[in-house]
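Reader: I'd like to go through the charge pairs and the chain contact here. Can you take my questions one at a time?

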Amino acid sequence: MPSNKSVSDAPIVQFTNCRILRSHRLQREDLWVREGKILNPEKLFFDEKGSADIQLDCKDSIIAPGFIDVQINGGFGVDFSLATDDFKSGIDLVSQKILSHGVTSFCPTLVTSPPSVYHQVLPQISIRNGGAHGAGILGAHLEGPFISKEKKGAHPEHCLRTFEAGAFQDLLATYGSLDCVRIVTLAPEMKRSSEVIRELTKRGICVSLGHSVANLSQAEEAVQHGATFITHLFNAMLPFHHRDPGIVGLLTSDKIPAGRRVFYGMISDGIHTNPAALRIAHRAHPKGLVLVTDAIAGMGLAPGRHTLGQQVVEIDGLNTYIAGTKTLSGSVATMDTCVRHFQEATGCSVETALEAASLHPAQLLGIEHKKGTLDYDSDADFLMLNDSLYVQATYIAGEEVWRQDALGM
Amino acid sequence: MRLVILEDYDQASEWAAKYICNRIIQFKPSQGRYFTLGLPTGNTPLGCYKKLIEYHKNGDLSFKYVKTFNMDEYVGLPRNHPESYHSYMWNNFFKHIDIDPNNAHILDGNASDLQAECDAFEKKIEEAGGIDLFVGGIGPDGHIAFNEPGSSLSSRTRLKTLAMDTILANAKYFDGDLSKVPTMALTVGVGTVMDAREVMILITGAHKAFALYKAIEEGVNHMWTVSAFQQHPRTIFVCDEDATLELRVKTVKYFKG
């Protein structure tokens, strides 16, 4: 029977025969959706005397919130740090293709680039909802150029900058506009970083520490000024040392302001981080772990040479290096691969693995009231997965936007 | 009165569920001709509800043409509180079956005029043609619904203040904090249940044994309100062996036949 028309005409869909991730547990409950949001069926029953219009049998699938990738540099031949004429169609292509990896929202990431690139590219990135056309865009992640020379990794040295002279104004001039920027990665040991961090935080932009040689107290100071994220933990920072743990020490620091949590990105592709290191981080601070792909243009393509901003990278299997070197540069692992690898390497529960790719990034960005969970009234962005955590179908706003076809291709 | 004694809780639950299922099927409910069921809450009927859900999921039983009337609800507890009887019925029964939400009636403990709510409930039962089968439980003090010792045996649906015993017994559902336990409830009266065409009382567990003894081996007495059903033309008491522990061996042998 349809819903009470005085409340809403929209059809109600009830997903049955499934296990949903709610309150940190997989529960045998049905998932109800109306008008793109998760519906409270008890309220529907008693308040509206309504029931489902359509019932879908999910064949015992796991239903989890859609994955959120906060660090993805491109994929399928598209490089977000390249100011091409067809940039817009490039971002559309990636947003559509990653649906099959279970990603329903993402932050297109730009690596260190000359200001001209930012000025051309950023105005072409708009925050938008996902749908059949592709995953939603939450805003850009600008990784650099205000990073350390010693820890530049795959970033081009000639584009690195400081904001010593004009602090925030320098940053603004470099990027051109911060309208659609969601995350900025910088090295906190740089002079005047505290002012910059405070200014960015004031504007609701998430500040992440990375590509840095900061020691622990510099990192803690940055957190006190507002930094809340660490870019790909362990990579491009000083290694953990027992007398100065560096940025890694933030995971167990006692100087984090009350009520705040430091999150940290992890590329769990099996290459960027040794599984033992992954386990150490996870065990030290499980609630802060955010899975990211750090995927580059070559993700989804055959092995060979591809670009990453101003650099050329070489892909061989899951390994991606700056051409002719052994410097890692991004990855080609997909988000669902990362989730599976994370679960295997740590032996954690399915719920924990799924939350690291959904709830935690949502909490990092302060959007957990509408994304990253299957709570009532949140956006109905979710996935159907089998028990081995392979994505079978992707839904955005309650509509199916991708399905694994029967032949498993 | 029939006294049906099953070996244990599970068997008693299954017997009761089968009985309800058969009653509904035999009635052949259809559009405009609904089967009306009175329903309880608490621990005792959980097994019975599970079985009914199983029969529904097997395709053997539909609630499409069934109307339900619950016995009681707390006053002042938010409807979506996990301990409200609305939550109980939704989680343990309604969400698993195909009942029309318009046909599931539970007293509203947050109504602005509580007595009017009770009167309206009696009216709804009357408009539905009365109750075909009222399923109930029994408290350790022999009460049916919230008709605690001293309740009139001719009482109707009304507001009741809960006895201290009941509040203490309920504290475990409210984190052991007495101040959180509701002190009042809306309940169908003994008279309301007596009006049903058939009554089935579920009684399981040794802690209910004394109440069962008082209910069927002693006289009709407002201190043990379930005893009123000795005067109902069609009552079945369904119990497990433990619940018969305070009965005379003679009584048990008689009913086991």
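Reader: Where do K18(B) and E14(B) both lie, and how many residues apart?

Author: This is a predicted model, to start with. Both residues sit in helix 1 (residues 9–27) of chain B. They are four residues apart, about one turn of the helix.

Reader: What do K18(B) and E14(B) form, and how far apart are the closest N and O atoms?

Author: A salt bridge, with the closest N and O atoms 3.3 Å apart. K18(B) is partly exposed at 43% relative accessibility. E14(B) is also partly exposed, at 27%.

Reader: Which residues do salt bridges that share partners join into one network?

Author: R19(A), R28(A), D60(A) and D387(A).

Reader: Take D387(A) and R19(A). What is the N to O distance in their salt bridge?

Author: It is 2.6 Å. The pair links distant parts of chain A, 368 residues apart. D387(A) is in the loop between strand 20 (382–385) and strand 21 (391–396). R19(A) is in strand 1 (residues 12–22).

Reader: Is R19(A) buried or exposed?

Author: R19(A) is buried, at 17% relative accessible area. D387(A) is exposed, because its relative accessibility is 51% and the cut-off for exposed is over 50%.

Reader: How many salt bridges over all chains?

Author: A search of the whole structure finds 31.

Reader: New topic: the interface. How many salt bridges between chain A and chain B?

Author: Two. E29(A) forms a salt bridge with K95(B), closest N and O atoms 2.8 Å apart. That pair crosses between chains. E29(A) is in the loop between strand 2 (25–27) and strand 3 (31–34) of chain A. K95(B) is in the loop between helix 3 (85–92) and strand 5 (104–105) of chain B.

Reader: Why does K95(B) count as buried?

Author: Because its relative accessibility is 19%, and buried means under 20%. E29(A), at 21%, counts as partly exposed.

Reader: What area is buried between chain A and chain B?

Author: About 1100 Å², with carbon and sulfur atoms giving 63% of that. In the contact, 10 residues of chain A meet 12 residues of chain B.

Reader: Which three residues supply 56% of the area that chain A buries?

Author: E42(A), F45(A) and F46(A), more than any other three residues.

Reader: And how do the residues on that side of chain A divide?

Author: Four are nonpolar, one is polar and five are charged. Across the interface, three residue pairs are in polar contact.

Definitions and conventions
Residues are numbered from 1 along each chain as its sequence is written. Chains are lettered from A and ligands numbered from 1 in the order in which they are written. This is a predicted model: local features need pLDDT of at least 70, side-chain atom pairs count only at pLDDT 80 or more; totals for chains, interfaces and linings use all residues. Side-chain values use heavy atoms; hydrogens and water are left out. A salt bridge is a side-chain nitrogen of Lys or Arg within 4 Å of a carboxyl oxygen of Asp or Glu. Helices (H or I, at least four residues) and strands (E, at least two) are DSSP runs, numbered from the N terminus. Buried means under 20% relative accessible area, exposed over 50%, partly exposed in between (1.4 Å probe, protein chains only). Contact means heavy atoms within 4.5 Å. Buried area is the accessible area (1.4 Å probe) that two parts lose on being put together, summed over both. A polar contact is a pair of N or O atoms within 3.5 Å; within protein, one must be able to donate a hydrogen and the other to accept it, and residues adjacent in sequence count only if both atoms are side-chain atoms. Ala, Val, Leu, Ile, Met, Phe, Trp, Tyr, Cys and Pro count as nonpolar, Asp, Glu, Lys and Arg as charged, and the others, Gly among them, as polar.
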